Amino acid sequence: MTSKPSVTGGACIIASVCVGAGMLGLPSAGAGAWTSWSSLAIILTMIIMTVSGWMLLEAFKPYELTASFNSVTKDLLGHKINIFNNLTVYFVGGILLYAYITSSGLILSGLLGINSQFASVLFVLVFSCFVWHSTRAVDRISVVLIAFMVLSFVFGVSGLAANIDATMLFHSLTEELGQAPYALAMLPVALTSFGYHHSVASMRAYYGEEQKAKQAILGGTLIALALYLLWLLSIFGNLPRNAFGPIIAKGGDVDVLLGALASVIESKRVSNAINLFSMAAILSSFIGVGLGVFDYLADLFKFDNSRGGRAKSWAVTFLPPLVLSLLFPFGFLVAIGYAGAVATLWTCIIPPLLAWKVRKAAPAGSAGFRAPGGILMIGLVILFGVLTAAFHLLNMAGLLPVYTG
């Protein structure tokens, strides 16, 4: 008799989907709000994103275990809304690839002493080959990168944590109250760091039921939350708040953050571990997101799985974000913010609408899995999504307070 998959294993899958290069933007995004308000923003986002994942899980309940996010959305909300939803999924994937390509170019430029644009091209040509080759190749390199990320994160963050200056983490009550408005602009970046919703259908199929999948989702988002809070405390406890001015001026670029950290970390080994973690996080996310976009576009354009077909899928997946990166190298934080604002549709708006439709169609008193909170929670999740997108637009228009150091 085969053993049933553990909740711990599923939680680790969800955590690994969440934790990636997006977390590198959290310190710069939260510099204005600083420790207290940044932590609250991340905790609130984690709660809402967990509940919205459960709502998506509830929407799958009447369907076969093979049902996908795409097929359920099409069936419950119609073809047009499904197309729009799929386009936003593609946009988020594309803008994330753009952010990773730009950041990797800047980091490699500093490490190798070469032109950042040439470094970006080199990065794409070398590492997108894993995606072009096969999903199996992605699987193998991902295992290596995750192990590498864990080791470098543990070593680097433990080194940072050992040197935390507690007086830097919290300020006077007056200062803390003045920092609250800066948390609004952080929400789109925080939301991107909990984007696991495309994996909900896989979790349900993995367990063959909703209850264990629910527990795995909660476990995964709690692991991600713990890592994000530890990361923020370690950065904010070592780098003074006013040191973030030059980083934010450069668009929150990861290479500038790493340079600022290197100047305050006495241990070269800790500094190297943080640099290696950052590069592994970007590379792991680049390959993971790249595979998702690759498969999506291959299906959309009906490219076959031959070498020629995969070459076409590679071209439409990686060339547009690479060209945009070379022509318009916006900051990492700007790109992540765009991704978060658009991702609100398929993380905070579509899932509660799907749950609402399923509840309307279900007979009174029907049993089975149901996300908590009733109609009030459905409204709150949608409101959070709408407000998060609105905060990003207001921030772009210069109508939200922006911390400049």
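Proline 181 sits in the loop between α9 (173-179) and α10 (187-192), where helices (H or I, at least four residues) are DSSP runs numbered from the N terminus. At 35% relative accessibility, proline 181 counts as partly exposed; the scale calls a residue buried under 20% relative accessible area, exposed over 50% and partly exposed in between, with a 1.4 Å probe and protein chains only. Along the chain, proline 181 and serine 16 are 165 residues apart, and their C-alpha atoms are separated by 31 Å.

A word on the model itself. It is predicted, so local features need pLDDT of at least 70 and side-chain atom pairs count only at pLDDT 80 or more, while totals for chains, interfaces and linings use all residues. Residues are numbered from 1 along each chain as its sequence is written, and side-chain values use heavy atoms, with hydrogens and water left out.

The largest nonpolar core has 117 residues, and Tyr228, Trp231, Phe244 and Phe286 touch the most other members. Such a core is a set of buried Ala, Val, Leu, Ile, Met, Phe, Trp, Tyr and Cys residues joined through side-chain atoms within 4.5 Å. Setting aside residues up to four places away in sequence, phenylalanine 244 touches Pro27, Ser28, Ala31, Trp34, Ile235, Phe236, Leu239, Leu257 and Tyr403, a contact being heavy atoms within 4.5 Å.

Aromatic rings come next. The whole structure holds 15 aromatic pairs; rings of Phe, Tyr and Trp (its six-membered ring) pair if their centres lie within 6.5 Å, and planes under 30 degrees apart count as stacked, over 60 as edge-to-face and the rest as tilted. Tryptophan 231 and phenylalanine 277 make a tilted pair, because their ring centres are 5.6 Å apart and their planes stand at 55°. This pair links distant parts of the chain, with tryptophan 231 in helix α12 (residues 210-236) and phenylalanine 277 in helix α15, 46 residues apart. Tryptophan 231 is buried at 1% relative accessibility, and phenylalanine 277 is buried at 2%. The rings of phenylalanine 236 and phenylalanine 244 have centres 5.8 Å apart and planes at 85°, so this pair is edge-to-face. Both phenylalanine 236 and phenylalanine 244 are buried. Elsewhere, Phe123, Phe127, Phe286, Trp314 and Phe318 form one aromatic cluster.

Apart from neighbours within four places in sequence, its contacts are Met23, Ser158, Leu227, Leu230, Trp231 and Phe277.

How do the helices α5 and α15 pack? Helix α5 (residues 79-112) and helix α15 (residues 268-301) meet at an angle of about 145°, with axes 9 Å apart; axes are lines fitted to C-alpha atoms over the stretch in contact, and angles run from 0 to 180 degrees between N-to-C directions. The residues of this contact divide into 15 nonpolar, seven polar and no charged. Within α5, asparagine 85 is buried at a relative accessible area of 1%.

Finally, look at the backbone. Most residues other than glycine have a negative phi. Tryptophan 34, however, has a positive phi of about 60°; it is in helix α3 (residues 34-60) and is buried at 0%. Lysine 302 also has a positive phi of about 60°, but lies in the loop between α15 and α16 (307-327) and is exposed at 65% relative accessibility.

Conventions. Helices (H or I, at least four residues) and strands (E, at least two) are DSSP runs, numbered from the N terminus. Ala, Val, Leu, Ile, Met, Phe, Trp, Tyr, Cys and Pro count as nonpolar, Asp, Glu, Lys and Arg as charged, and the others, Gly among them, as polar.
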